[in-house]
Amino acid sequence: MEIGCLFPPTMDTPQHIRVAEELGYAYAYVYDSPAFLADPWMTLARTAERTSAIRIGVAAITPRLRHLVANAGAIATLCTLAPDRVDVVVGSGFTSQLMVGKGPARWAEVEGYVLALRALLRREDIEWDGAIIGLRHGALAGVRLPQRPPILMAAHGPKGYAAAARCADGVVTNLAHHTANTGADDMSDWKILYYGTVLDDGEPLSSERVIDAAGPAATFQLHIGGQGVLSDTPEWAAYEQSMSAYPADRRHLETHRGHLIEVTDVERPLVSAELIRATTGSGTRDEVRGNLDAIESQGVKGVLYGPMGPDIPRELATFAETAGLATTV
């Protein structure tokens, strides 16, 4: 089973991905939420200059955040900078679109976006939104076309999985997502998200380091609208009450503040050892190894580990050691 990693992009992420490459991670993806994270394409362009082997990509781009041509041009540019090691993940959207007041796209829209991206990257002209569009990079632009990077789909649930089977090269999913129950027979092209921190010997889940490193993944369950594993808990009720203090037309901006990157002052009193245990894969080395063995037994292609907190190199190194990765340093 391959082990990769997934980052909320910051100004330090290119260096963190270089560390991941040295530790033996197979790929490194970054989120696309420009309202509160660094730009993913700029981050990966800087990463391409610092790495030579690790696969890189954005997980996930969405149909409604950037125009199709803008994303196709960015993909072609990144493929030129990092030949044969770029992956693309397309999804229906969550935080990135909610932060601009838009809901998720329908799966038919996501599927059409994937097919259109492939056509543009093959240097085909297509009809899109009432006009004929295409890429016209000339020789002096230095951007090489055509490009055929693998395109995966970020999907949670039967409709998304079915769309991915029709048009994508694989699935990226979070099995803890409230719509991820599947029963799929073949998960051989799936990459599974894994959130949490590996504990130091004798370290409790309630330690400040653990709250910093695993708390952002735990509070993700508060951000998904009370539809996740915390829907009937006092923590969700308290969080919902705190968000109700904001005007309705601004509430989405506060709900997703710090999403999957840091614990806010509002959230911190709600993050307990029990909450972290219920919402993340945090644990001792033996516990995390057991979790990875259980995932591998489902026949998946790989795991995307999401390191969080102020010490990303520590998170990457301890997870790599726990997962048995061979370092290149």
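Modeller: Two strands count as paired if DSSP finds at least two bridges between them. The model discussed here is predicted.

Biologist: In what order do the 8 strands close into a barrel?

Modeller: The pairing around the barrel is parallel. From one strand to the next, the twist averages 25°. The strand order is S1-S2-S3-S4-S7-S8-S9-S10.

Biologist: Which residue in S9 is the bridge partner of Val172?

Modeller: Strand S8 covers residues 171-173, and strand S9 covers residues 190-195. The two run parallel, joined by 3 bridges. For Val172, the partner in S9 is Lys191.

Biologist: What angle does the direction of helix H12 make with that of S1?

Modeller: Helix H12 spans residues 312-323 and packs on the sheet. It touches strand S1 (2-7), S9 and strand S10 (302-306). Its direction and that of S1 make an angle of about 165°.

Biologist: Is Ala35 buried or exposed?

Modeller: Ala35 sits in the loop between strand S2 (27-30) and helix H2 (40-50). Exposed means over 50% relative accessible area. Ala35 has 51% relative accessibility, so it counts as exposed.

Biologist: Is Thr279 buried or exposed?

Modeller: Thr279 belongs to helix H10 (residues 273-279). Beyond its neighbours within four places in sequence, Thr279 contacts Ala218, Gln221, Val229 and Leu230. The cut-off for buried is under 20% relative accessible area. Thr279 has 11%, so it is buried.

Biologist: Which residue's backbone oxygen does the side chain of Thr279 reach?

Modeller: The distance is 2.6 Å. The backbone oxygen belongs to Leu275.

Notes. Residues are numbered from 1 along each chain as its sequence is written. This is a predicted model: local features need pLDDT of at least 70, side-chain atom pairs count only at pLDDT 80 or more; totals for chains, interfaces and linings use all residues. Side-chain values use heavy atoms; hydrogens and water are left out. Helices (H or I, at least four residues) and strands (E, at least two) are DSSP runs, numbered from the N terminus. Buried means under 20% relative accessible area, exposed over 50%, partly exposed in between (1.4 Å probe, protein chains only). Contact means heavy atoms within 4.5 Å. A polar contact is a pair of N or O atoms within 3.5 Å; within protein, one must be able to donate a hydrogen and the other to accept it, and residues adjacent in sequence count only if both atoms are side-chain atoms. Axes are lines fitted to C-alpha atoms, for helices over the stretch in contact, and angles run from 0 to 180 degrees between N-to-C directions.
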